[in-house]
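Please look through the report below alongside the sequence and the model.

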Amino acid sequence: MTIKICVPRDAAALSLGADATAAAIAKAARQAGQAIQLVRTSSRGMFWLEPFVEVETATGRVGYGPVTAEDVPGLFAAGLLRGGAHPLAHGVVEAMPFLARQERLTFARAGLTDPLSLADYETHGGLRGLRRALGMAPTAVVEEVVASGLRGRGGAGFPTGIKWRTVASAPAQPKYVVINADEGDSGTYSDRMVMEGDPYVLLEGMAIAGYATGASYGYIYLRSEYPHALAVLNEALATLRARGVYGRNVLGADFAFDAEVRVGAGAYICGEETALLESLEGKRGMVRFKPPLPAIKGLFGQPTVVNNVVSLASVPIILDRGGKHYADYGMGRSRGTLPIQLAGNVKRAGLVEKAFGVTLRQLIEDYGGGTRSGRPVRAVQVGGPLGAYFDQRLLDLPLDYEALAQHKGMVGHGGIVVFDDTVDMAEQARYAMEFCAVESCGKCTPCRIGSTRGRELIEKIVRGKDVARNHRQLLALCDVMENASLCALGGMAPWPVLSALQYFPGDFGLPAKEPAHVV
Amino acid sequence: MWSELRDLREGQDLGTPPRGGEPVALVVDGKPVTVPAGSSVMLAAAAGSCPVPKLCATDTLEAFGSCRVCLVEIQGRKGYPAACTTLVEPGMVVTTQSPRLHELRQGVVELYLSDFPQEDVPGGWSELHETLQQVGVASHPYGQGENHLQAPVDESNPYFLFDPAKCIVCSRCVRACEEIQGTFALTIQGRGFASQVAASQGERFLDSECVSCGACVQACPTQSLVEKSLFVGGYHRAQPPKA
């Protein structure tokens, strides 16, 4: 009997030697005269175990990891093909606590399928959402997404259905769907995992968005740092066209849809939707003022849906199972699930898809296993480089848009970066300003000049120069950046700085009871 | 020289181009104002004799929203929208002067001054100087920091020169080149603090696609792009006072 063995082709797995592992497995099987079916799948998102090898057995898939090419002969000797015992074995994959305690809706297929096999995709629930949508009125599709409570997973958290409603009711034609795949936040990788590992779910969601809003063409704006995603998306698009899923008659319906991938040029700001649209139009990626909203006047001045990868990848299951099914997960105004990305100093870095409401502490301790260094957690940054730093006292906050916002934090794109007690928070604050200075589009002055002045002020404070005066000036500068910037880059760059000042004043050489700036 | 330049200016700069829509009535600083639909709050404020300070806005160019000096408060809206990019709506209640707005504008203008030759602040005339007076700022609290004060002057064009030390990166020259002349010879190059006006691919003005039309010089609010004929005996940067 041919035994099925799965080795991920995800970029994280590849960077840890998955290709060499796969080659070693093929060679060992040949030498043993054992016929195997070696499938390159997506990743489960358990990166500390990559390359993670799965063997199909009668009891389910048994996992081994991390498996290097050198480990392979030993694993074969231990009976890898039967799911045999070995120090690298983790038992039945689905039963592993890290996975078993998750609620994977958007990432339902992660690690299970060959990303480019449309048959695999359909076997695992693919295209059901699009089929159902095509049988509904476009407005009903929009309302299904409104009912799901889905909010933009790129960071802003704006209700996706409401955005669609605006585009759908805009009279101008043509309209566009643009996928923001410029995933640039530190410690985030859920977009990349979707695009490399389950491209059809994204493209299905995009077609649904097009049908619901009256758009017939889409663009995927992909960051240049994702070459694997580019190759996968282009191949997936070709397959969808060849199978009649994309094209003049989507799945045979009276609805035409097609899309193409455009690659960015390495600017963080192009993840901001209006700068993204400028870049897509072939211009310098500078932020536009709003209004007009992109939903009214977006790409080439036309009504445009701009959605993040994870937002759109969550749409097929919403259409398949209904908005209510999705909305049944979550808390408050944060409905559904969020693919949280654990990174930084954490023992088990990886993807945790959970309903909103899970606390930061649960995520870091129960899923992440604490710090990789074994030292105590000192600070956590949630939501990317512009998110506030939280200290121990705030780890029991639930992951919820409103709860985090109360503490000037944000869910953002769902990245959590953990730091142990060796972190220098003054340096982190300085870096936040430096990051803004490097990545600012240069249009508005609070961001363009303010970020550099902010870095300089923090450097002076740390050097002990005129501390009280420079501290006051830094707070005043943060106020100007927050309230006078054109977009969220300049407007939120002060958040990590102010939170670091509030919770870790000692790192700046400031007394612990320095005039409290309420964050 | 500066006073002659000032006198040459025609009428009032409304900040954004006039529009011809139906009349819209709103209230600016307690005064009723009626302007055509499609007008900016900035234009309405100017029409109501409550001019809002500005740098990147001028009524010969479309609104851009980069300088953040024209922030105002609008009843029922969050934050501090820019007057130049916000369109009037019937019944809108706008405040252009308040201690909070003053504080924010001052903070923004100080940032400009932190990368502007301090010697050129007193006694000069330009739209920047007018704005400095309007906002009531003549210096900044940041001390010596990274700056563009030593960036070389481009005197390659026979008619005008470009002194990047005085450039506030408002993009008025870039936009004038696009919107008025349609030449697209100018751009902004670099990101963040390194963003600078550049001709073509970072070439000298004379070697670029520039056709010497002068639209950029006319648009410049700081005399960073300025006619050479104003400088008898050649252009010299003001020297910082000896310490």
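## Sheet of chain A

Strand 4 (residues 60-64) and strand 5 of chain A pair in the antiparallel sense over two bridges. Strands here are DSSP runs of E with at least two residues, helices are runs of H or I with at least four, and both are numbered from the N terminus. Pairing requires at least two DSSP bridges between two strands. A:Y64 has A:A89 of strand 5 of chain A as its bridge partner. Strands of a sheet pair through backbone hydrogen bonds, either parallel or antiparallel.

Five strands of chain A form an open sheet, ordered 2-1-3-4-5, with mixed pairing. Strand 2 (36-41) and strand 5 (89-92) of chain A each have a single partner strand, so one side of each has no neighbour in the sheet. From one strand to the next, the twist averages 20 degrees. Helix 2 (residues 18-32) of chain A packs on the sheet, touching strand 1 (3-8), strand 2 and strand 3 (53-57) of chain A. Its direction makes about 160 degrees with that of strand 1 of chain A. Angles run from 0 to 180 degrees between N-to-C directions; axes are lines fitted to C-alpha atoms, for helices over the stretch in contact.

## Model and numbering

This is a predicted model: local features need pLDDT of at least 70, side-chain atom pairs count only at pLDDT 80 or more, and totals for chains, interfaces and linings use all residues. Residues are numbered from 1 along each chain as its sequence is written, while chains are lettered from A and ligands numbered from 1 in the order in which they are written.

## B:V169

B:V169 lies in the loop between strand 5 (160-162) and helix 5 (172-181) of chain B. Is B:V169 buried or exposed? It is buried, because 27 other C-beta atoms lie within 10 Å. The cut-offs are 20 or more for buried, 12 or fewer for exposed, and partly exposed in between, with C-beta atoms placed from the backbone.

B:V169 and B:C56 are 113 residues apart in sequence, yet 8.7 Å apart in space, C-alpha to C-alpha. Leaving aside neighbours within four places in sequence, the contacts of B:V169 include A:G442, A:R448 and B:I188. Contact means C-beta atoms, placed from the backbone, within 7 Å.

## Chain A against chain B

26 residues of chain A are in contact with 28 residues of chain B. On the chain A side, the elements giving two or more residues are helix 18 (425-439), helix 19 (445-448), helix 20 (450-463) and helix 21 (467-484).

Technical notes: Contact = placed C-beta atoms within 7 Å.
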